[in-house]
Amino acid sequence: MDTKAQYAELKQKLADLRTEMQTVAKKYFQDNAKGLFATHSILERFAWTQYTPYFNDGDPCEFSAHVDYPEVNDDEEFFYYSDSKKKPTDPFTVAGLAVVEFLKAFSGDDLEEMFGDHCKVTVTREGVEVEEYDHD
């Protein structure tokens, strides 16, 4: 097989794998988001923003999904810090940490492919809502 044909074959395999990965990522997201709500009755919703900045002080503007500190329920930004080795026990913190862990399972590319750029993604028991997000 010549290198041109080899390259074309590998390129097609890679495209097929990307498509398969996107399908599996969407299914994984849907199934496990439902699981979060089933496991954590205190959890009503969680949300995050994702976008490519318009300007970055001369550095390249790269897409970013802001999942490290998502909104959880009515909290504008879930943040948890502990210098203790004890695991948190209050239901809200446990649910918030589960959301952060869940979202970190996805790469920025996965989230951009699933939900788009310049948006806010809100997940509830009923499903996912994606709305345009205006940022500077």
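Predicted model: local features only at pLDDT ≥ 70, side-chain atom pairs only at ≥ 80, totals over all residues.

Me: What makes Cys 119 count as buried or exposed?

Reply: The relative accessible area decides. Buried means under 20%, and Cys 119 has 3% relative accessibility, so Cys 119 counts as buried.

Me: Where is Thr 89 relative to Cys 119?

Reply: The two are 30 residues apart along the chain, and their C-alpha atoms are separated by 33 Å.

Me: Let's turn to the whole chain. How many helices and strands does the protein chain have, and in which pattern?

Reply: The protein chain has three helices and five strands. Read along the sequence, they follow α-β-β-β-α-α-β-β.

Me: How do you know whether the protein chain is spread out or compact?

Reply: Set its radius of gyration against the globule rule. The rule gives 14 Å for 136 residues, while the protein chain has 18 Å, well over that value, so the chain is more spread out than a compact globule. Its C-alpha trace spans about 60 × 40 × 35 Å along the principal axes. Of the 136 residues, 30% count as buried.

Me: What can you say about contacts between residues at least 6 apart in sequence?

Reply: Among those contacts in the protein chain, 59% join residues at least 24 apart.

Me: And how many positive and negative side chains are there?

Reply: The protein chain has 14 positive and 29 negative side chains, with the centres of the two sets 9 Å apart.

Me: Now the helices. How do you know that the length of α1 agrees with what a helix should span?

Reply: At 1.5 Å a residue, the 37 residues of α1 should span 54 Å. The end C-alpha atoms of α1 are 52 Å apart, which agrees.

Me: Which residues of α1 are buried, and what do they pack against?

Reply: The buried residues of α1 are Ala 25, Phe 29, Ala 33, Leu 36 and Phe 37. They pack against β1, α2, α3, β4 and β5.

Me: What about the span and the buried residues of α2?

Reply: Helix α2, residues 91–104, has 14 residues and reaches 20 Å from its first C-alpha to its last, close to the 20 Å expected. Its buried residues are Thr 93, Ala 95, Gly 96, Ala 98, Val 99, Val 100, Phe 102 and Leu 103. Their cover includes α1, β1 and β3.

Me: Why is Asp 109 called exposed?

Reply: Exposed means over 50% relative accessible area. Asp 109 has 60%, so Asp 109 is exposed. You will find Asp 109 in helix α3, residues 108–115. The C-alpha atoms of Asp 109 and Gln 22 are separated by 9.6 Å, although these residues are 87 apart along the chain.

Me: Why is Tyr 80 called partly exposed?

Reply: Partly exposed sits between the two cut-offs, 20% and 50%. Tyr 80 has a relative accessible area of 30%, so Tyr 80 is partly exposed. Tyr 80 is in the loop between β3 and α2. Leaving aside neighbours within four places in sequence, Tyr 80 is in contact with Lys 86, Pro 88, Thr 93 and Leu 97.

Methods:
Residues numbered from 1 in each chain as written. Heavy atoms only, no water. Helix = DSSP H or I, 4+ residues; strand = E, 2+ residues; numbered from the N terminus. Rg over C-alpha atoms; globule rule 2.2 N^0.38 Å. Buried < 20%, exposed > 50% of the residue type's maximum accessible area, 1.4 Å probe, protein only. Contact = heavy atoms within 4.5 Å. Lys, Arg positive; Asp, Glu negative; His and termini not counted. Charge placed at Lys NZ, Arg CZ, Asp CG, Glu CD. Expected span 1.5 Å × (residues − 1).
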